[in-house]
Every structure is written in structure tokens, then in C-alpha cells.
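Walk through this model with the sequence and the coordinates side by side.

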Amino acid sequence: MDSLSKLDEVKTTPWAGGREPWSIEYGKIMMWFFLVSDAFTFSSFLIYYGAQKFAQPTWIDADKIFQSIPGIADHGQPLVFVGIMTFILIMSSVTMVLAVEAGHRNSKKEVVKWMIWTILGGMAFVGCQALEWTHLHHVGFWFGQNPATGLTDPAAISAALQPYFTNDISYTAALQFSNLFFTITGFHGFHVTVGIILNIIILCMVLNNTFEKRGSYLMIEKVGLYWHFVDLVWVFVFTFFYLI
């Protein structure tokens, strides 16, 4: 009986588990588990993109394909628009930090204000991404196709792809770039959209005094972890597609 009671005792050493491993609330640690698993998914996508890019003798030049500002300039502004997108997303991460901090002080008014700004930032980013996709689709890039798709004459293929390459031209490289760009940025855009929906739900709960009744705004912090993860992933997506 003594040995049984020993087994039933709650362990108190740092790595023994106990009632609450690592002294982290259950929902928060589950969010961390989800984010780690999602990080593996994004890592796989980006590693595959890198492998394909460096396996090809030539590749699309980011400065040439991303040089438009939709509605303002069709060319001549390399990486300006995506820079604006990145700034918007990073600022939305800042407003989320402020919302979490306000939640720690149980300041409902400030939480509402910063959550609204975070949602608007997310919507602005997704809107900008939609504009960028629309522009690329207009010039011929899409899933399974590039500007030379459907052409058979080598000279016509070369002329269609020349504006997007610095050195040699490769139809295969252009097609791989197109498929991977829309897949990976689309997957990230889906995550941002989910984050916006979650933030709207949380905002409604705040306005409904749900967290005041609970006495804690911990849920803001959980959603904030997800939002910061989405922002961090974009830094890597931005680096792989637009800078390297």
C-alpha cells in the first residue's frame, strides 16, 4: 500500500509533470504544441522551395517580378509593395502585444481598441496580398502556369519570360516558382484569415464582458501567440521569396 500511495503522489520536481507541467495553463501549452507542429509544415514548404530553387541553373528574379504597386505603378518599384505589406503585418503584431498587455491590466477599453487595430491590420495585409495575386495572375502567373504557358515557339517563350529573369531563361523554373509562390503565400494567407476570424470572435467576447466575468483576459494571450507566429512565419516567407 505504501508503494501505491507513492505512485499516486503529485510529483513536485521540475520535470516530473505534476498537476501543471512547466507552470503553464493548459490552453496555452496546447497552443504552443499546435504552433510547433505548424512550424514544421511551413519549414517543409520553405525547405522544398529552397531545394528547388538551388537545384535549377536559373531562377525568377524577385526584383523583376515584384516591382509593381497595384493601382499606382505597373513596374519600376521593386519590393516596395511587399515592404508595405510586411510593415502592416509587423505593426499588427505590435498592436496585439498592446492588447495582451491591456488584458493583463483588465483594461477592457484598451483591449477593444488594440484588438480592432490588429484586425484592421490583418485585413489590410490580406487585401494587399489579394491585389498582388491579382496582378501576378494578370501578367500570366498562376497555379500550374506562367506567362509562357500555351506557347510553343521557343522565341515566343523566351520573349514572354525574359522580363522576369536576369540571366538564362527556364520555363521549368518559372513554373516551379509560380506553383510554390501561390501555394506557400496562399497557405500563409489562410493562416492570417483564420487569425482575423479568431480575433473578431475574441473581440466580440470582450465586448460581451465574457473575460471580465471570468476575471482573466488570458484568451487574448493565447490568440496573440497564434498571431505572432503568423507574423514570424511571414518574415521567413518574405526572406525566401523576395530577398534571397
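## A lined cavity

The second largest cavity is lined by Y49, K53, W59, I60, A62, I65, F66, F177, F241 and I244. A cavity here is a set of points on a 1 Å grid over the protein atoms alone where a 1.4 Å probe fits but cannot get out, and lining residues have an atom within 4 Å of a point. This is a predicted model: local features need pLDDT of at least 70, side-chain atom pairs count only at pLDDT 80 or more, and totals for chains, interfaces and linings use all residues. Residues are numbered from 1 along each chain as its sequence is written, and side-chain values use heavy atoms, with hydrogens and water left out.

The volume of the second largest cavity is about 30 Å³. A volume is the space filled by probe spheres set on the points, with grid points joined across faces, edges and corners. Its lining holds 9 nonpolar, no polar and 1 charged residues. Nonpolar covers Ala, Val, Leu, Ile, Met, Phe, Trp, Tyr, Cys and Pro; charged covers Asp, Glu, Lys and Arg; the others, Gly among them, are polar. Helices are DSSP runs (H or I, at least four residues), as are strands (E, at least two), and both are numbered from the N terminus.

How many cavities of 30 Å³ or more are there? The count is 2. α5 gives the most, with 3 residues. By class, the lining divides into 8 nonpolar, 2 polar and 1 charged.

L79 sits in the loop between α3 and α4. Its phi is positive, about 65°, although L79 is not a glycine. Most residues other than glycine have a negative phi. N209 also has a positive phi, near 65°. N209 lies in the loop between α7 and α8 (210-214).

Now turn to the open space. A pocket is an open set of points with protein on both sides within 12 Å along at least five of seven lines. The largest pocket has a volume of about 220 Å³. It is lined by 15 residues, and K53, W59, I60, D61 and I244 are the closest to its centre. α2 (26-55), α3 (62-65) and α9 (218-243) each give two or more residues to the lining of this pocket. That lining has 8 nonpolar, 4 polar and 3 charged residues.

Next, a helix pair. α5 (residues 108-139) and α7 (residues 171-207) pack with their axes 9 Å apart, at an angle of about 155°. They are therefore roughly antiparallel, a label for angles over 145 degrees. Their contact has 19 nonpolar, 9 polar and 2 charged residues.

Finally, the record. An unreviewed UniProt entry annotates residues 29-51, 79-102, 114-133, 190-211 and 223-243 as "transmembrane region". Such annotations may be inferred rather than shown by experiment. In the model, residues 29-51 are 100% helix, with end C-alpha atoms 33 Å apart. Residues 223-243 are also 100% helix, and their end C-alpha atoms lie 29 Å apart.

Notes:
Axes are lines fitted to C-alpha atoms, for helices over the stretch in contact, and angles run from 0 to 180 degrees between N-to-C directions. Angles under 35 degrees count as roughly parallel, over 145 as roughly antiparallel, 65 to 115 as roughly perpendicular and the rest as oblique.
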